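Good morning. Please look at the structure as I go.

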Amino acid sequence: MAKKLGLKQRYGLLTRGLDWETSYQPMDKVFPEATFEGIKIKDWDKWQDPFRLTMDAYWKFQSEKERKLYAVLDSFAQNNGQLSISDVRYLNAVKLFITGVSPLEYQAHRGFAHAGRQLPGVGPRIAAQMQSLDELRHAQTQIHTISHYNKFFDGMHEFPHMHDRVWYLSVPKSFFDDARTAGPFEFMIAIGFAFEYVLTNLLFVPFMSGAAYNGDMATVTFGFSAQSDESRHMTLGIEVIKFLLEQHPDNLPIVQKWVDKWFWRGYKVLGLVAMMMDYMLPKKVMSWKEAWEIYFEQAGGALFEDLARYGLKPPKYHEQATADAEHLSHQNWSIFYNYTQAAAFHTWLPEDDEMAWLSEKYPNTFDKYYRPRFEQWRQMEKDGNRFYNNALPQLCQTCQIPMAYTEPGDPTTICFRESEYKGDKYHFCSDGCKDIFDNEPEKFSQSWLPVHQIFQGNCGGADLGDVLKWYNMNVGADNMDQNVSPEQALWDKWQAERSRVAAE
Amino acid sequence: MGVIALDPDYASKVAPADTLDKFHGNQLVYIHWEEHLMFCAALAFPFPPGMPFGAILAEILPTFYGIHPDFEKIDWGKVRWTVDGKDITPDPEKSLADHGVGHKSLIRFWTPGLTGVNGLATV
Ligand SMILES: [Fe+2]
Ligand SMILES: [Fe+2]
């Protein structure tokens, strides 16, 4: 081949020319997971990949981004970038990210590698494999970025260990475990479409803008480095759903069920982001409610209007999620305030100016339902009686979050839902979580619920101290209220030194 | 509806994680004080089925709910109780099982006149 091939030709050869029908083994043995979910594919060649990326171009592009990122990270470390953040409280968002989100990047790496291996079509197989490599890179670069903060601050040192064990981290972990133990098509709809396309802006925009607003230039740089990958991932997500719906009318009810399930699963995980935005950022970007309006109601609304031509409906209970936006962050922050003694990050009560911001952003609910709670807790703290909940909470069997959410339309009553399976009761925080269980009780009756595991004796012992040790928590530093934390004391000392130097 | 699995016999191999036999003689019980949402969720406990209901009244509730300013004002004769949605009248001498409390039962109670700090159920 004398002539050098163009990118389009090389992609064509990679995704069409290199594939073959196997002869030693039948194709259904080579791709054993291709049919059991009931998805019917007539013609894999109809797959369109607008990026048409080849491996050599991929390596070249990624290595350039990598070089730039590490140059910035080096200078961040040399210039003591940790001193430029808005306030020490900001780091709690970073802790939530490294313990709760970065391990999901790794899970996504594994999931897309698996889906890529199992999809019989070579176009999506290659796109999934490239996304798998991206996700591995995201996990690695996030760990490198955040490792600098780990030199000075608490709660980040055991992130993979904690991800597997700590009660609230079972929320994001079980979300991905659920996706990765599904078939390849469900995984592609769960992560590729519902998470990476529909909900991704509610995860990455808040964290990356939060970093930018709060002086965390290291995380911002990581965000830029991942941006072009994200647009490729979104394209894969939207392509996969259109492809499945175009291939066979029988695919519609299956895909609809997955869209309903994974919207609700993803929305529940994003509750952690909601509280991060409204309570953890010293300099706020926007409220959760505003973010939900922009990224779900408007963007998602337009998306589902577009998908209506395939007969696909917007996800079930999306109106509920929209109504919940008035309450979600306040209820979640309350959970963590209740249980800060068992969390690997700190909580605190909003200051007066933050309460004013919350009143302005949530005029229908904050002053009426939540400000009085925070004021009561503030009084108790002042009296030397900082409120902690000393019993373990009841958890939702599906999302694994403490059952803290209230009845639709009644913020004063906890929402309890129940099902029965094989003679045992199962409890849920919402109709959405109950539906998911009822569709797959075989799967969700096996959930590893942290509270129940503690009572079974599988988590280091019966006392809180035993369990925290089993979590590898540095007790007294990683947990408890921000105000009594060693890193608050360290930060205050740094600030005092700075003002002393400035005065001289 | 059931799970769609690669293994057609999957459903028959399922072993639910939280069956009664795994709790060393205890059963899971959830307790919730209504209209006092300072406590973010119902509380979970491992209790022996033979435990007298009185132990909940005398030990469990004061230990875990006693910090709330409403707690000392409760008139226990007026409290309304449900177990898994059915009304009950507690007898302190009788066991949890006698009250219909089984594995993973939910006990809810309402304290009339006491609905949170300043009457706000979310506090
Ligand atoms: Fe990623
Ligand atoms: Fe739930």
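Predicted model: local features only at pLDDT ≥ 70, side-chain atom pairs only at ≥ 80, totals over all residues.

Residues are numbered from 1 along each chain as its sequence is written, chains are lettered from A and ligands numbered from 1 in the order in which they are written, and side-chain values use heavy atoms, with hydrogens and water left out.

Which residues coordinate the iron ion (ligand 1)? They are A:E105 (OE), A:E135 (OE) and A:H138 (ND1), at 2.1 to 2.2 Å. Donors here are N, O and S atoms within 2.8 Å of the metal (3.2 Å for Na, K and Ca); water is not among the atoms, so sites may look incomplete. The spacing of these donor residues in sequence is E-x29-E-x2-H. Both A:E135 and A:H138 are buried, where buried means under 20% relative accessible area, exposed over 50%, and partly exposed in between (1.4 Å probe, protein chains only).

Now the iron ion (ligand 2). Its protein donors are the SG atoms of A:C396, A:C399, A:C429 and A:C433, at 2.3 to 2.4 Å. The arrangement is tetrahedral because the four donor atoms subtend angles of 105 to 115°; four donors count as tetrahedral if all angles lie between 85 and 135 degrees. For comparison, the ideal angle for four tetrahedral donors is 109.5 degrees. In sequence, the pattern for ligand 2 reads C-x2-C-x29-C-x3-C. A:C396 is buried, with a relative accessible area of 0%, and A:C433 is buried at 1%.

Note on methods
Tetrahedral: all angles 85-135°; square planar, octahedral: opposite > 155°, others 65-115°.
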